[in-house]
Amino acid sequence: MASVTPFKIDVPDAAITKLKAKLELSDLPDEVDFSNDWNYGAPRDDILRLTKYWKDGYDWRAHEAKLNAELPQFKTTIHVDGFGSLRVHFVHKQSPRPGSIPLLFCHGWPGHFAEVAKILPLLTDAPDGPSFHVVAPSLPNFGFSEGVRKKGFSIPQYAETLHKVMLSLGYNKYVTQGGDWGFIITRLMGLQYPSSCLASHVNFIRAQSPPALLTSPLLYLRHLLTPYTAVEAAFLERTRWFRTEGSGYNAEQSTRPSTVGVALADPVALLAWVYEKLHDWTDGYPWTDDEVLTWVCVYQFSAAGAAASVRIYYESKHAEVAKTQRGFGYVPGVPLGLSYFPRDLVLPPRTWGRALGPVVFERVHDEGGHFAAYERPEALVADLRAMFEGGARHVAERFV
């Protein structure tokens with residue numbers, strides 16, 4: 001078993017000094033009539049205000065201390081086939097209750113390990129019902145995990161890494177929860193390690209097409225004969241908006257990650273790039289300036305640099321694509337839970353989602369967006385508990 005060592009975030013003073021110097025020299029484009037129109041991107045006035053506060057008022061050390069106090073963090077060395085050894089950072093909090101379920105929480109971009117902060121106590125300290133031992137890694141190239149220096153590190157390798165993190169903690173059997181890249185990574189974990197990954201819950205449902213006649217005949221007929229509900233029509237409209245107006249970042253990061261990576265070395269560019277997503281991808285969440293800047297600082301002070309985080313888009317499109325694509329189809333043998341939040345990015349009709357695997361739980365929410373664990377922590381936790389009290393009860397009972 002790999003050695004696991006405690007970890008505390010401790011950004012060097014020199015990195016903070018360098019950030020302040022860059023912010024002091026920062027500049028913004030000239031103001032025009034539409035500088036503050038969200039349809040054109042992050043508003044100039046917002047970026048100006050946040051940059052000034054980042055430079056003159058924001059206290060990273062206070063937020064660093066808060067993250068360290070709230071999140072028990074560790075590092076371990078994981079050997080990834082063909083890529084050598086990587087130091088991986090993760091949060092790990094065990095429940096005091098016997099029979100708790102080991103749960104891997106997987107973030108995406110521009111998320112990070114600290115998205116787990118609000119759901120962590122709710123999952124581990126539940127007075128009744130299912131409780132969980134929670135592991136929330138920083139993906140390689142993200143947060144305080146090591147960066148990958150060899151090309152071709154794609155979704156199968158992320159799945160392998162996280163599986164081995166769970167093994168390093170003695171969790172030979174576990175369940176998963178994922179959104180954004182966590183959707184496809186955890187789906188691949190179910191395909192690659194079916195004897196260990198016993199169930200999966202996702203809040204980003206990337207069903208790419210209707211059920212097929214040959215693979216899901218009953219769902220195919222139901223989809224063919226049942227009109228979309230008003231909620232599903234709204235899902236499709238939100239999906240259309242994302243694909244036509246909100247996915248430009250994806251095209252750039254999937255094709256020329258090094259180019260945008262140069263821009264992300266500038267803190268104000270990084271701020272604007274991420275802040276736009278925090279606004280557009282949430283359901284009116286009332287972000288404070290401190291929340292925004294702490295979120296961005298996880299990227300600014302990340303071990304591999306913000307540029308490394310966008311490479312997952314390129315690699316998923318160019319490396320081991322056939323393996324990755326399997327995760328968008330039916331994954332057998334792994335009970336699946338689906339939570340739909342109306343301001344997420346890709347929202348398929350429910351018959352499409354039901355074709356992703358043996359669905360044992362499904363809930364459609366009235367509010368919430370892409371960062372469900374952070375925006376609607378109580379709702380997400382309620383879904384997880386309901387899943388393992390209901391359709392996946394047999395999985396929960398395996399840990400008793």
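This short talk describes the cavities of one protein model and one annotated span of its chain.

Good morning. The model is predicted, so to speak of local features we need pLDDT of at least 70, and side-chain atom pairs count only at pLDDT 80 or more, while totals for chains, interfaces and linings use all residues. Residues are numbered from 1 along each chain as its sequence is written, and side-chain values use heavy atoms, without hydrogens and water.

I begin with the annotation. An unreviewed UniProt entry gives residues 4-116 as "domain: Epoxide hydrolase N-terminal"; such annotations may be inferred rather than shown by experiment. That span is 32% helix and 25% strand, and its end C-alpha atoms lie 20 Å apart. Helices (H or I, at least four residues) and strands (E, at least two) are DSSP runs, numbered from the N terminus.

How many cavities of 30 Å³ or more does the structure hold? There are 2. A cavity is a set of points on a 1 Å grid over the protein atoms alone where a 1.4 Å probe fits but cannot get out, and lining residues have an atom within 4 Å of a point. The volume is the space filled by probe spheres set on the points, which are joined across faces, edges and corners.

The largest cavity has a volume of about 110 Å³. It is lined by 15 residues, of which Glu115, Gly179, Asn203, His370 and Phe371 are the closest to its centre. Strand β4 (101-106) and α17 (372-375) each give two or more residues to this lining.

The second largest cavity holds about 30 Å³ of space. Helix α6 (residues 181-192) contributes the most to its lining, with 3 residues.

Notes: On a 1 Å grid over the protein atoms alone, a cavity is a set of points where a 1.4 Å probe fits but cannot get out, and a pocket is an open set with protein on both sides within 12 Å along at least five of seven lines; lining residues have an atom within 4 Å of a point.
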